[in-house]
Amino acid sequence: MKRLLPFAIGLAVCLAGIVFMGVYLWKDNPDTSPVQVDLGERLEDPRRVVDDDGDEIVFGFDRRLELKEDIKMYSSLIGYLREETGYEFELHVTPSDSKIVDELGNGKVDIAAVGTLGYLQANELYDADILARGLNDSGDDTYRAAIITLPNSPVDHLTDLIGKSFAFGDNASTQGNLIPSLMLSGEGISLGDLGNYQHFSSHSEVADAVLRGDFDAGSIQDTLASYLESKGLIKVLAISDKYPRSGIVVSSSMAEETEKMQAIRDALLNFDPKGKDSKGIYRWDMTEMPGGFASADSADYEDVRRMAAAFGLLGHDSHDAK
């Protein structure tokens, strides 16, 4: 295991696995009953968690935490959708050499939980449609990004990041890439002004990179930042404005199956993860939809679409390049 920071040593056994954020987040609530998912051999070369018989609706997701945690969370959601709609669902894990955006376009994924930028890219490139938008704990359908550093870092303001190293999320991540780019640009900081930077696949990987001291700062989702700050593990340098929250996106071909889409949309809008549907839902508070879902429309995203286009983040070149 890579070195632990001195301030993290005193946080006992639950932080020993800090390089694997999802596991360490689970240990904070060890009594949570996990969904029964085969996480063995199939994940060595992950494709689909359930064997394909050709009839299932294939559900994909953006990576947020450690992979096994993501699988448990979204497996619990598709269990709910299966029960509510009567349709069979299959959880798909996007391999490291693929993109969920492209999989929505090439037929490998029918429906997916993705961030705002991922939706905009899938819509621009493959005519994917937005089905529902996530709600936070307070019922708000927006979210923020947080730029973080270590508690003892001399970096106190965004302008202090000039010449420093920065960890971004995936290129298709709203909170990990688009929003922090806007935040830095607002302070007159371009990528060329940074000492170096790197993109990571998930928010937990960004957090780990900062916690290990490999990068001076990074950008992650507001919910994870709040959790880590409450543990004294990070310092939040800046919080962004509010932007439309992550949602559930469907491929163009699946969108044409109107009866199925209406049933799934209704199930999502009726989803109550804090009340009647809390039983069997795994760590849903760590997703981008902790309060359930609200209706969504393409027009809701026009402002963000213009900003993403201004940064060149909507085409193939933008989301393929690291």
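Just after helix α3, Gly-86 takes a positive phi of about 85°. The model is predicted: local features need pLDDT of at least 70, side-chain atom pairs count only at pLDDT 80 or more, and totals for chains, interfaces and linings use all residues. Residues are numbered from 1 along each chain as its sequence is written, and side-chain values use heavy atoms, with hydrogens and water left out.

**Chain totals**
- The chain has 12 helices and 13 strands; these are DSSP runs, H or I of at least four residues for helices and E of at least two for strands, numbered from the N terminus.
- Of the 322 residues, 54% count as buried, where buried means under 20% relative accessible area, exposed over 50%, and partly exposed in between (1.4 Å probe, protein chains only).
- Among contacts (heavy atoms within 4.5 Å) with a separation of 6 or more, 77% join residues 24 or more positions apart.

**Helix α3**
- Helix α3 covers residues 67–85, and its 19 residues should span 27 Å at 1.5 Å a residue, which agrees with the 26 Å between its end C-alpha atoms; the expected span is 1.5 Å times one less than the number of residues.
- Of the 19 residues of α3, 14 are buried.

**Nonpolar cores**
- A nonpolar core is a set of buried Ala, Val, Leu, Ile, Met, Phe, Trp, Tyr and Cys residues joined through side-chain atoms within 4.5 Å.
- The largest core has 51 residues, of which Phe-59, Leu-81, Ile-248, Ile-264 and Trp-284 touch the most other members.
- The largest share of this core, 8 residues, comes from α3.
- Apart from this core lies another, of 39 residues, including Ala-145, Ala-172 and Ile-189.
- Leaving aside residues up to four places away in sequence, Ile-248 touches residues including Phe-59, Ile-111, Leu-268, Met-289 and Phe-293.

**The five-stranded sheet**
- An open sheet of 5 strands has the order β8-β7-β9-β6-β10, with mixed pairing; two strands pair if DSSP finds at least two bridges between them.
- β8 (196–199) and β10 (235–239) stand at the edges with a single partner strand each, so one side of each is left without a neighbour in the sheet.
- Neighbouring strands are turned by 25° against each other on average, direction ignored.
- Helix α7 (residues 203–211) packs on the sheet, touching β6, β7 (165–168) and β9 (217–221), and its direction makes about 150° with that of β9; axes are lines fitted to C-alpha atoms, for helices over the stretch in contact, and angles run from 0 to 180 degrees between N-to-C directions.
- Strand β6 (residues 145–149) runs antiparallel to β10 and is joined to it by 4 bridges; Thr-149 stands opposite Lys-235 in β10.

**Loop residues**
- Leu-314 lies in the loop between α11 (302–310) and α12 (316–320) and, at 8% relative accessibility, counts as buried.
- The C-alpha atoms of Leu-314 and Ala-172 are 8.8 Å apart in space, while the two residues are 142 residues apart in sequence.
- Asp-127, in the loop between α5 (116–126) and β4 (129–134), has a positive phi near 60° and counts as exposed at 55% relative accessibility.
- Arg-283, in the loop between α10 (258–270) and β13 (293–294), has a positive phi near 45° and is buried, with a relative accessible area of 7%.
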